[in-house]
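Welcome! Please take a look at the sequence and the structure below, and then we will walk through them together.

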Amino acid sequence: MKKYIAILIVALCTIAVQAQDYKYLNFVVNEGVGRSFDASAVSVVYRGNDAIVTASGETTAIPLDSYSYMEFSNTLLGSGSAIRGDVNGDGRVDIVDVNILINIVLGNDTPDNYDGRALVTDDDKVDIVDINAVINILLTGH
Amino acid sequence: MKKLILLSFLSMVTLMAMAGQTLWVATGQVRYAFDAKQVGKMPHTSDGVLTVQGKSFDINCIDSIYVTSVAVADNTVDVNYTGSVATVIIAGNIARNMTASVNGAHVAVMQGAEVETEIFYNLSGSTTNGSFYQDGSYKISLKLNGLTLTNPDSAAVNIRDGKRIAIELADGTVNTLTDGTGGGWKGCFMVKGHSEFKGAGTLNLKGNTGHAFWGKEYVELKKTVGTINVSGAVGDGMNINQYFLQKGGKVIIANVGDDGIQVSKTDDADDEDNGMVTIAAGALDITTTATASKGLKAESDINITGGNITIKTTGNGMWNTEKSETQACAAIKGDANITIGGDAVLSLTSTGSGGKGISCDSVFTLNGGNVTVSTSGAQYTYGTSIWQQNTTSNKRSSAKGVKGDTGVVINDGTLKITTTGSGAEGIESKNTLDINGGTVEVDAYDDGINSTRDMTINGGNVYVNSTANDGLDSNHNLFIKGGLLMVYGSGAPECGLDAIDDESRDPGYVYVTGGTLVAVGSGTSYPHSLSGTTMQPVYVYGGSLSQGASLAINDSNGSNVLAFTMTKTLQQGGRMAPGGPGGPGGGSGVTVVISSPKIVSGQTYTIYTGSTLNASATNWHSLYHDGTAVKTNGTSAGSATAKTPYVSVGNSGGRM
């Protein structure tokens, strides 16, 4: 009897792993950067130059030239934004994003308020390097 | 308890395995279903092309993309018809190699040459103006899953894929395909490749322009197949190239403008079983009404070893101007050999002029089974003037039960034939005819059994009755070597046994070396001796016997050898005999040929008439052959010492 149950539990777990759905449908800018949407309730239509993504009752317009590919994943993308440098997630990179990073570096704000979008560079901290990166985006476009 | 837990877990496991995350890309009436675990990265280009699992989409053609937890099996295409529209779902793993176009309810799916896996198509739903067209170069499965499809403009289903097409009639479903009128397409359901039918569902077909079903290559009906019902066709019910093989299922064909099932040879000499029909099991129920139509027709051999076959033709004969020959209906027509055996059961009927039960251009062989044939048509004659009618035989076509152009061989089984039209023979071989066993019962208007060359009876139980001609008629030799035979010819000038014994015409004779035989006619061809062969003694009795009268032959000890009761009074024969002493005309005058292994040369036997017999004793069509039937002998008609080739008693007539 114990053997029966043990075998069936293993089989059940194996199948469960295989049948596990992805959590997110990600619109990826580059590795680890982009926008994540709840895969269980997402739909996309194309209007003009935007992909209009509806998920969890919210609609987001993602410029087609702002992301490279879609993929299913269980990982929430780091920046939380489809646009690198868009710290506040308003869909554009501007001086407001620079000011936010300055405040974080000075200790007047915290990265936790920005869903990982403050981690502009590929490290685990927000510092002058991130500020310079955003200024570069403003000045050069990348 | 253990079983309950096991079943519960297995059910949960199954349910979990069926669930799957699917990315749907909807483009008009075509949707592509991609397994989320297979898609990987889905890039898009700056000029608006999205690529998913190798399939490129112009984003301007994408209506929407969405995700569900409904799994779609790999390698599948699902087509559902709903009135004036159809929707197509293509599995994502094959999408890159598939092109689908949908116009209302008309669907066309093309498989690219890169496809190297079997794709499963599922068709369902209903439309009165739709179609399904498929092309590809790899085998496919096509499931008809509750499909009602009418295409007024062309074939309802047209499969141009030239490979193996596994057609499944989904269990419990009824599928109906209908096309339009006046077009130029070959059939309502067309398959270019080789069709293999399975599934216990029903398929109804109606061909309003050509055939109901057209197959460019072979058609096989598997054991599991249900019913194919052709309710009508302008052409054939099923027009097939290469071969037709039936292992099960039922095919019903009616209201067709030509043949029921026609199988033609392909042009490829390497194609196996080219032009053949093989029926091992299942059922056929075919009715044809067209002039010179065939119920089942093959350009090569027909082999039937099982199944239940009922075929009826009602059309009349015709004159084929192009071929300068008459043509007539036949329930079964084979351009080569026809062989029937096993446990096959056949019921064949032809009612039109010249109509035949079985028409075989080579050798007809019966090895088993049960075959019943009935023809009632008169002779078909081309032309109205006597000159036209009698000038050449190719302007006449007689009805027949069974015809074999190069031979007839009966080894076993049961063959029962009835023909009622004038000129209709029971069995005809235009070459030799051999009966080696089995049961043969013939009631024919013309000759019961006729052969152009030697006729040989080695065994079997044979009953022959001819209304207006000879019982057994060989145009060369007639060898009776065994078996149990009760034979009736008709009145003058016809015979029970007739062999050509006119020396000016390639003479043939009757030779009796075995068997139990009673042959009755107005006259007979008399038995001859064959050098180097031990002949069996024969008595030839001439006298007066009408229906109900009995004759017995006893040995010198009074023991009965055999007896028989006349089951008819001879009617006037159908033609004038060429030369020879004529026997008595119609009425009670008869010539009876009697032989048995129990009759010993040199012994004396007495023939009695007016015998009373125990009718329930063992008999073969009132031929009582085990010596137990006689209750009273009756009146002695004469005694004679048995000798070979024969001895006469009474006043026998007929030929010499």
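What follows is a short tour of the model, from its confidence to its strands, cores and backbone details.

**Ground rules and confidence**

This is a predicted model, in which local features need pLDDT of at least 70 and side-chain atom pairs count only at pLDDT 80 or more, while totals for chains, interfaces and linings use all residues. Residues are numbered from 1 along each chain as its sequence is written, and chains are lettered from A and ligands numbered from 1 in the order in which they are written.

The model scores ipTM 0.74 and pTM 0.87. pLDDT is the predictor's confidence in each residue, from 0 to 100. For chain B the mean pLDDT is 93, with 92% of its residues at 70 or more. Over residues 575-585 of chain B, pLDDT stays under 50. For that stretch the model has 26 contacts beyond four places in sequence, where a contact means that two C-beta atoms, placed from the backbone, lie within 7 Å.

**Chain A**

Chain A has three helices and six strands. Both kinds of element are DSSP runs numbered from the N terminus, helices being H or I of at least four residues and strands E of at least two. Along the sequence the pattern reads α-β-β-β-β-β-β-α-α.

How many of the 142 residues of chain A count as buried? The share is 30%. Here, buried means that 20 or more other C-beta atoms lie within 10 Å of a residue's own, exposed means 12 or fewer, and partly exposed is in between, with C-beta atoms placed from the backbone.

The domain assignment of chain A gives domain 1 (1-79) and domain 2 (83-142); such bounds come from an automatic or database domain assignment. Five residues of domain 1 of chain A are in contact with five residues of domain 2 of chain A. On the domain 1 side, the touching residues divide into two nonpolar, three polar and no charged. In this sorting, Ala, Val, Leu, Ile, Met, Phe, Trp, Tyr, Cys and Pro are nonpolar, Asp, Glu, Lys and Arg are charged, and the others, Gly among them, are polar.

An open sheet of four strands has the order β2(A)-β1(A)-β6(A)-β3(B), with antiparallel pairing. Two strands pair if DSSP finds at least two bridges between them. Two bridges join β6 (residues 69-73) of chain A to β3(B), and Tyr69(A) stands opposite Pro43(B).

**A strand in chain B**

Five of the seven residues of β7 (residues 76-82) of chain B are buried, so this strand is largely enclosed by the rest of the structure. The table shows its two partners.

| Partner of β7(B) | Direction | Bridges | Example pair |
|---|---|---|---|
| β11(B), residues 119-127 | parallel | seven | Thr82(B) and Ser126(B) |

β7(B) and β8(B) form a hairpin with two residues between them, and Gly83(B) in the turn has a positive phi of about 65°.

**Nonpolar cores**

A nonpolar core is a set of buried Ala, Val, Leu, Ile, Met, Phe, Trp, Tyr and Cys residues joined through C-beta atoms within 7 Å. The largest has 198 residues, and those with the most contacts inside it are Ile90(B), Phe189(B), Ile358(B) and Tyr539(B). Strand β50 (residues 478-488) of chain B gives the most to this core, with eight residues. Apart from it lies another core of twelve residues, among them Val87(A) and Val134(A).

**Backbone details**

Most residues other than glycine have a negative phi, and most peptide bonds are trans. Gln242(B), not a glycine, has a positive phi of about 85°, and it counts as buried with 23 C-beta neighbours inside 10 Å. Ser324(B), also not a glycine, has a positive phi of about 50° but is exposed, with 11 other C-beta atoms within 10 Å.

The peptide bond from Ala492(B) to Pro493(B) is cis, with omega near 5°. Another cis bond joins Thr644(B) and Pro645(B), with omega about -5°; Pro645(B) lies in the loop between β61 (635-641) and β62 (647-650) of chain B.
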